[in-house]
Amino acid sequence: MSVRLPILYIVIPCYNEQEVLPITTPKFLNKLDELIKIEMISSKSRILFVNDGSSDDTWNIILNYAKENPRILGICQSRNRGHQNAVLAGLMEAKDSADITISIDCDGQDDINAMNSMIEQYKKGAEIVYGVRSRRDTDTFFKKFTAESFYRLLNWMGAEVVFNHADYRLVSSRVLQEFANFKEVNIFLRGMFPLVGFKSTAVYYERNERIAGKSHYPLKKMLALAFDGITSLSIKPIRLITGLGTLIAVGSFILAIWAVIMHFLGNTVPGWASSTSLICFMGGIQLISLGIIGEYIGKIYLETKHRPRYIISDRTDNFKNGDCL
């Protein structure tokens with residue numbers, strides 16, 4: 001009795017990657033052909049590029065590749081919506097056609113050979129397989145320090161994430177069907193997939209240098225991503241504000257008692273320095289607290305609008321015609 005081979009869709013988000021695509025696309029195709037040849041996946045497996053509103057020639061390159069090779073599919077977002085929404089768009093488009101998906105960036109940094117181990121773990125029963133960096137030897141000290149601090153901060157704040165895992169992962173169609181019920185607009189995929197549950201494991205690999213082009217994730221975007229992850233998945237900052245407010249209130253009460261005692265003992269010294277310092281300190285704490293609370297209120301505001309998380313403006317012809325099925 002023959003065993004049915006799983007259909008794999010490799011989901012690849014792209015933003016201004018015209019320099020990288022001609023280099024990495026043949027590598028992805030070779031890997032797909034290899035996996036088909038050794039009968040790990042079905043011949044119906046495909047590569048799905050997601051153009052995230054690129055301003056360069058990325059979409060035209062994807063269109064040309066799709067015309068040349070039926071195993072390459074592509075969708076184009078109406079505008080740039082960010083990496084997380086691009087990955088989500090690809091996964092949601094693939095969930096009804098594929099048994100498994102593997103999301104991976106197109107810059108060639110993630111080791112595509114780890115896909116073999118991911119699929120093996122899926123066949124052993126894992127529904128989610130996380131690609132995890134085994135080490136960061138190629139990173140600068142600053143990059144390594146900030147990246148690892150990023151993961152530790154997220155976990156400390158209550159966002160459940162896999163340490164040193166980005167968005168290189170295998171996810172089964174079963175998980176994606178359940179994941180589609182997560183309707184929030186503010187998404188942080190690496191913290192949301194652990195919330196779905198199901199059996200999961202990790203595959204470790206070494207990450208390479210970017211093949212070409214420039215990174216689209218400088219420190220500013222990394223900090224924004226970290227803050228989005230924390231505020232989307234945890235209310236711990238609000239609780240920290242409550243704890244800090246309580247601590248300051250207790251300290252202020254003790255200080256007030258001390259001031260009254262000093263008044264009756266006649267030890268008070270006229271002056272404004274201490275009062276000014278205290279007022280400035282309290283004002284700073286209040287502004288920071290209001291800023292954090294405002295961030296949460298802003299996210300609630302966006303969630304209540306129920307705006308679409310992505311809008312697909314175009315598809316490659318083979319995707320439009322259903323040739324991928």
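Let's start in the loop between α1 (21-37) and β2 (46-51), where you'll find Ser-45. Helices here are DSSP runs of H or I with at least four residues, strands are runs of E with at least two, and both are numbered from the N terminus. Keep in mind that this is a predicted model: local features need pLDDT of at least 70, side-chain atom pairs count only at pLDDT 80 or more, and totals for chains, interfaces and linings use all residues. Residues are numbered from 1 along each chain as its sequence is written, and side-chain values use heavy atoms, with hydrogens and water left out.

So is Ser-45 buried or exposed? Ser-45 is buried, with a relative accessible area of 0%. Buried means under 20% on that scale, exposed means over 50%, and partly exposed is in between (1.4 Å probe, protein chains only). Setting aside neighbours within four places in sequence, Ser-45 is in contact (heavy atoms within 4.5 Å) with Pro-6, Ile-7, Leu-8, Leu-32 and Arg-71.

Glu-39 isn't a glycine, yet it has a positive phi of about 60°. At 56% relative accessibility, Glu-39 counts as exposed. Asn-16, in the loop between β1 (8-14) and α1, has a positive phi too, of about 50°, and it isn't a glycine either. Asn-16 counts as partly exposed, at 23% relative accessibility.

Next, helix α2 (residues 58-68). Which of its residues are buried? They are Thr-58, Trp-59, Ile-61, Ile-62, Tyr-65 and Ala-66. Seen down the axis of α2, these buried residues fall within an arc of 160°, so they line one face of the helix. The arc is taken from the directions from the helix axis to the C-beta atoms. On the face turned away from that buried side, α2 carries the exposed residues Lys-67 and Glu-68.

Now step back to the whole chain. It has 11 helices and 8 strands, and 44% of its 325 residues count as buried. Among contacts between residues at least 6 apart in sequence, 83% join residues at least 24 apart.
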